Amino acid sequence: MSDRSFVHLHNHTEYSLLDGAQKIPDLMQRARELDMPAVAMTDHGNLFGAIKFYDHAQRFGLRPILGCEAYVAPGSRFEKVPGQGPHGKPYYHLILLAENDHGFRNLIKLASYGYTEGFYYRPRIDKELLARHHEGLICLTACLAGEVATWLRHDDFDGARRAVADLAEIFGEENLYLEMQDQGIPIEKQVNEGLVRLHEETGLPLVATNDAHFLCAGDHAAHDVLICIGTGKKRDDPDRMQYMPGHYFKSPDEMWQQFDWCPEALLNTVRIAERCRVEIDKSRHYVPEFPVPDGEDTEAYFERVVRDGYAARARLWQRRQAEGTLRHPLEDYERRLEHELETIRQMGFSGYFLIVWDFIRFAREKGIPVGPGRGSAAGSLVAYCLRITDIDPLEYDLLFERFLNPQRVTMPDIDIDFCFRRRGEVLAYVTERYGRENVAQIITFGTMAAKAAVRDAARVLDMPFAEADRIAKLVPDALGTRLATAIDEVPQLKRLRDTDPRVREVLDVALRLEGLSRHASTHAAGVVITPAPVVEFAPLFRSNKDEITTQWAKDEVESVGLLKMDFLGLKTLTLITDTLDSIRASGATPPDLEHLPLDDEATYALFGRGDTSGVFQFESSGMRDILRRLKPERFEDLIALNALYRPGPLGSGMIDDFILRRHGKVEVQYPHPLTEPVLEETYGVIVYQEQVMQIASRMAGYSL
């Protein structure tokens, strides 16, 4: 340990400039440049960013310290009355840091109960919960809003002494630290003097921390605007919330200059960091147990259900084989089935398939429309046999290895479309089947895009709406456009930035705000199902619509091994169902959607005219324009367009190349003779992920 070592134990991403895909890596880069061994993040009342923070810290070679600045009710968390505390506040702050894996699990529970049981203005816990879930946690008495500091601010040393005694009884003297800060707020001097006196009386250790809400001192103005956005204020409002310029990520040298009178408090940050060693195990998968019939185990029941489904599908294949329309012999189907069954058993996902099969079976039995399947799951013959999907993977040369691959072990990902109107019935069934505490929807975070950042910054800086709107409209509408790119590429925007100081200020602030999380909401489709209550694995959040979701977004939920499924409510399915019902009501016979011909010329003519408003995946104006240019004549043309209509192919000119080759205006060429069998169907253009895999296999000898 260096004589001048220091570790940040106090960084926030609520009302801060430390959040977002670009911001956390910047924070880690700064910590590494300052030669810090570790860094902590203590969000207010939540663990929203914990997994993202953990992953980035490890990537930068830093030890992540996972924590939370909890809101603690003065009395019971169930008492929700204003002015409940001795100084009129319904909560105090308290810093909790996870020392080990057990502590992190307790932190998850505390962060969850704050929302599900104690929410009142903020997600609150209480001392009863702390006593129940304190093991593995290190406690710091927090900033000026902490209970101890609040008593000291009000010149009540006895109250501070009692508060410290309560915390020492819960955490033990070895896990409780008296926290000092100095951001330049005058009252901090009085509080720090009181903390030193408490240290002398009790022997409890002191620790010096820095309440960092933005990375650099120069970010203070942008952070001020962010606070105004979050609280709905303007910058010139005298009564608004403000942070001091000193709330930035200080260097060890700066901290030593502030606290050179108490070196032990600075060194204690490193001692705490040495103790905090949470290791999140990302190698495990937590799949709930599927309730199989008595006398059967999961593997045997899974195989029986699959083989029953295979027998039902085989009757269609046999008929098509007799007609000469089956592209592959039945032996290929049998070999594929055995290969998939063995892979699924080997990877331990038999129960997963049964879970999906079960709720889709429920939906079909209840007459709830279910989509035919999409995404990589369409490459699974097992999924086809279970009627999870209705696309024959061999018919379209879809690869199972794109969906499940023992050499790249990840949780399966099956997107299922349900009738928009009746999706809730399927969720209710799953909740009842596996237990209310074991099922939760997944959170999603809206981020501040370039145009929104410009408009919000302009509003807070009191720029007239019309002028702000004019500036925002200069940012191109293309998906994913970054503000810095727009300034470089749009001459008028660059000229305004260079010549008008007000515009420069708005754009400078907006550049810092862009990419930050703006709000939390419920993911449109994502649901997590766990083998035990969700709070054993992930923290919970209660939305303003009273929906219980995870505090982690879908990528983080999957990364820690939880079973995430997408229950997509699709209005198109609802519309189709209503249309079929209307046809029946009129006395006519509706079409059989499971046996529609794929060679109907009138249908392709409709697509060629771009008359596809209301047709799922083909209704946007951009797609309709491409349909008119391509003039599709076969089902494979529609499949290719659906795959190509993505930002990458659109921006690279691949669609134009595909259309010109399709019409013979550009010669079809192949990157290499070995690729011709793979790319022949798509005129030498690499369209599908399966083609990439097959080319790598053919040319480089890779396994699929």
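**Close-up views of a predicted protein chain**

Of the 704 residues of the protein chain, 52% count as buried, where buried means under 20% relative accessible area, exposed means over 50%, and partly exposed covers what lies in between, with a 1.4 Å probe and protein chains only. This is a predicted model, in which local features need pLDDT of at least 70 and side-chain atom pairs count only at pLDDT 80 or more, while totals for chains, interfaces and linings use all residues. Residues are numbered from 1 along each chain as its sequence is written, and side-chain values use heavy atoms, with hydrogens and water left out.

**Figure 1. The protein chain as a whole, with its 29 helices and 13 strands.** Helices (H or I, at least four residues) and strands (E, at least two) are DSSP runs, numbered from the N terminus. Taken along the principal axes, the C-alpha atoms of the protein chain fill a box of roughly 95 × 75 × 60 Å. Among the contacts in the protein chain with a separation of 6 or more, 75% come from residues 24 or more positions apart, a contact being heavy atoms within 4.5 Å.

**Figure 2. Glu69 in strand S2, which covers residues 63-72.** Glu69 is buried yet has no salt bridge, a salt bridge being a side-chain nitrogen of Lys or Arg within 4 Å of a carboxyl oxygen of Asp or Glu. The nearest side chain of opposite charge is that of Lys89, 10.0 Å away; in this assignment Lys and Arg count as positive and Asp and Glu as negative, whereas His and the chain ends are not counted. Not counting residues up to four places away in sequence, Glu69 touches His10, His12, Thr42, Asp43, His44, Gly45, His93, Leu94, Ile95 and Cys143.

**Figure 3. A salt bridge between Arg197 and Glu201.** Side chains of opposite charge can pair when their charged atoms come close. The N to O distance between the side chains of Arg197 and Glu201 is 3.8 Å, and both residues lie in helix H7 (residues 187-202), 4 residues apart, which is about one turn of the helix. Arg197 counts as partly exposed at 42% relative accessibility, and Glu201 is likewise partly exposed, with a relative accessible area of 43%. A search of the whole structure finds 59 salt bridges, and elsewhere Arg77, Glu117, Asp126, Glu128 and Arg132 are linked in a network of them.

**Figure 4. A salt bridge between Asp358 and Arg433.** The closest N and O atoms of Asp358 and Arg433 are 3.0 Å apart. Asp358 lies in helix H13 (residues 350-365) and Arg433 in helix H15 (residues 423-434), so the pair ties together parts that are 75 residues apart in sequence. Asp358 is buried, with a relative accessible area of 1%, whereas Arg433, at 33% relative accessibility, counts as partly exposed.

**Figure 5. A salt bridge between Asp413 and Lys564.** The side chains of Asp413 and Lys564 meet at 3.6 Å, N to O. Because Asp413 lies in the loop between helix H14 (381-385) and strand S8 (415-419) and Lys564 in strand S13 (residues 563-570), the pair ties together parts that are 151 residues apart in sequence. Asp413 is partly exposed, with a relative accessible area of 29%, while Lys564 counts as buried at 4% relative accessibility.

**Figure 6. Helix H11 (residues 298-323) and helix H12 (residues 330-347).** Two packed helices are described by the angle between their axes and the distance between the axes. The axes of H11 and H12 come within 11 Å and cross at roughly 160°, which makes H11 roughly antiparallel to H12. Axes are lines fitted to C-alpha atoms, for helices over the stretch in contact, and angles run from 0 to 180 degrees between N-to-C directions; angles under 35 degrees count as roughly parallel, over 145 as roughly antiparallel, 65 to 115 as roughly perpendicular and the rest as oblique. Residues of H11 including Phe302, Tyr310 and Trp317 meet residues of H12 including Leu330, Leu337 and Ile344.

**Figure 7. Thr682 in the loop between helix H28 (676-679) and helix H29 (689-700).** At 1% relative accessibility, Thr682 counts as buried. Leaving aside its neighbours within four places in sequence, Thr682 is in contact with Phe658, Val687, Tyr688 and Gln691. Thr682 and Glu636, which are 46 residues apart in sequence, lie 8.8 Å apart in space, C-alpha to C-alpha.
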